[in-house]
Amino acid sequence: MNVDDSRNYYVEPQTYYFKINGKPIFARGANFIPIDSFQSRVTQSDREYILQTALESNMNMIRVWGGGIYQPSDFYEMADKMGLMVWEETMYACALYPRDDEFLSNVYSEIEEMIWRLSSHPSIVIWGGNNENEVALGWFSESNQNRDLYVGDYLKLYVDTIYEAIGNVEGYEQRPFVDSSPSNGIISSNPYVKQWGSASTPSAGDTHFYDYSSDCESYSMYPKSKFVSEFGFQVHPSYLAYQPVTDPSDRNINSKFVQYRQRHEDGNNQMEYQITRHFNLPAKDCENDSEPLGGFDNYLYLSQIQQSRCYETAINYWRSLRSDEVAQTMGILYWQLNDIWEGPSWASLEWGGRWKPLHYTVKRIFSEISTSLIGIPGDDKVSLYGINDNLDEVQIEYKLYLVPW
């Protein structure tokens, strides 16, 4: 297995994709986060349900997010049996880390133990050094004021320590390694030389894409990325998810409880902005708990419907770009698969495993054989795409109906 990050610095296009047994693979999947805030409550059956649900939803890859935890060995054993590919990150995310000898020694021991435990699993197709820590170099005043120092710290941790520990245990040719996601990919793997620049540019490497101010149902808002390893739109959980953890007085979008569970800055307004672009907004409360189909429930449900429409637009567009000469998009891992509690998030599965409308949509649009109609605002045409991720040629018949609206 190898990741093809082919590049010529004077001629476009560049590519970024997985090749298994010599065959290019379009990655369809999602990001996996811890199943519960309290790991002692998580069972093997819980992990099996998440993976089986991913498989049933036509996914072939799961990214174990670097802001979570290393999963128990049974997680990877089940992925092996199911044929699910795993993008496994080391547990460093969204921050700047120290580089003193004591810390780096501890990191080296951690990575050694993790690689010894997991390297025998064929489901793991790539090691990732961190989540968004290259991008994070631009988030903090300290690193912005002395970038060279923090770039040195970054390379010391992720290349000289983590990559070296991986190589010393299983060798440098066993699996590809990418120091961060997103990144622009690498120039050389031995020695490891990365390509710096804007870490989430669509023209190279992988992309994390979030835009809450544009219309999510417009194809034109999405970049022509090589590989989309994160993207998403936030949504409320269902009334059924909120009901066991709320009092009747909490069942209002503006209640202290709902506001407290919203951990994304300006998240409620961003959700409402997307809803109101396409739907009439219902009432936001439910004064009578005996009527669960009141305003609050309708509001939650509508937010979930809007989320599924956003993802369908994005995924159909990026799958169509596989044939685009410039983009050659070869992977979509949406944010996020599962949830850690009952609150607003990007997940397609609620805490406890209940499917949101998005997950039903994902199962349909992640089908190996699919079709989509793509219309770009300003163009006077609509393009029909037939998508086949199967290795065999297929014949399809498509009937198109024009309906006045």
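At what angle do helix H3 (residues 101-118) and helix H5 (residues 147-170) pack, and how far apart are their axes? The angle is about 35°, and the axes lie 9 Å apart.

This is a predicted model, where local features need pLDDT of at least 70, side-chain atom pairs count only at pLDDT 80 or more, and totals for chains, interfaces and linings use all residues. Residues are numbered from 1 along each chain as its sequence is written, and side-chain values use heavy atoms, with hydrogens and water left out.

**The helix pair**

Two packed helices are described by the angle between their axes and the distance between the axes. Axes are lines fitted to C-alpha atoms, for helices over the stretch in contact, and angles run from 0 to 180 degrees between N-to-C directions. Helices (H or I, at least four residues) and strands (E, at least two) are DSSP runs, numbered from the N terminus.

The crossing of H3 and H5 is right-handed (the near helix is turned clockwise from the far one by less than a right angle). On the H3 side, the contact (heavy atoms within 4.5 Å) is made by Phe103, Leu104, Val107, Tyr108, Ile111, Glu112, Ile115 and Trp116. H5 contributes residues including Leu157, Ile162, Ala165, Ile166 and Val169. The contact residues divide into 12 nonpolar, 2 polar and 4 charged. Here Ala, Val, Leu, Ile, Met, Phe, Trp, Tyr, Cys and Pro count as nonpolar, Asp, Glu, Lys and Arg as charged, and the others, Gly among them, as polar.

**Cavities and the pocket**

On a 1 Å grid over the protein atoms alone, a cavity is a set of points where a 1.4 Å probe fits but cannot get out. A pocket is an open set with protein on both sides within 12 Å along at least five of seven lines. Lining residues have an atom within 4 Å of a point. Grid points are joined across faces, edges and corners, and a volume is the space filled by probe spheres set on the points. The model has 2 cavities of 30 Å³ or more.

| Space | Volume | Lining by class |
|---|---|---|
| Largest cavity | About 110 Å³ | 5 nonpolar, 6 polar, no charged residues |
| Second largest cavity | About 80 Å³ | 8 nonpolar, 1 polar, 1 charged residues |
| Largest pocket | About 460 Å³ | 11 nonpolar, 6 polar, 5 charged residues |

Helix H8 (267-276) and helix H9 (295-320) each supply at least two residues of the largest cavity's lining. That lining includes Tyr212, Phe233, Gln270, Met271 and Cys310. Around the second largest cavity sit residues including Ala95, Tyr97, Asn133, Asp153 and Leu157. Leu157 is also one of the H5 residues in the contact with H3. The largest pocket is lined by 22 residues. Ile33, Trp65, Trp335, Gln336 and Trp346 lie nearest its centre.

**Salt bridges**

The count comes to 17 salt bridges (a side-chain nitrogen of Lys or Arg within 4 Å of a carboxyl oxygen of Asp or Glu). One of them joins arginine 277 and aspartate 215 at 3.7 Å, N to O. Arginine 277 lies in the loop between H8 and H9, and aspartate 215 in the loop between strand E11 (207-209) and strand E12 (228-231), so the pair ties together parts that are 62 residues apart in sequence.

**Backbone details**

The peptide bond from tryptophan 335 to glutamine 336 is cis, with omega near 5°. Glutamine 336 sits in the loop between strand E13 (331-334) and helix H10 (357-365). The bond from serine 181 to proline 182 is cis, with omega near 5°. Proline 182 belongs to the loop between strand E8 (177-178) and strand E9 (186-189). Asparagine 21 is not a glycine, yet has a positive phi of about 50°. The loop between strand E2 (17-20) and strand E3 (23-25) holds asparagine 21.
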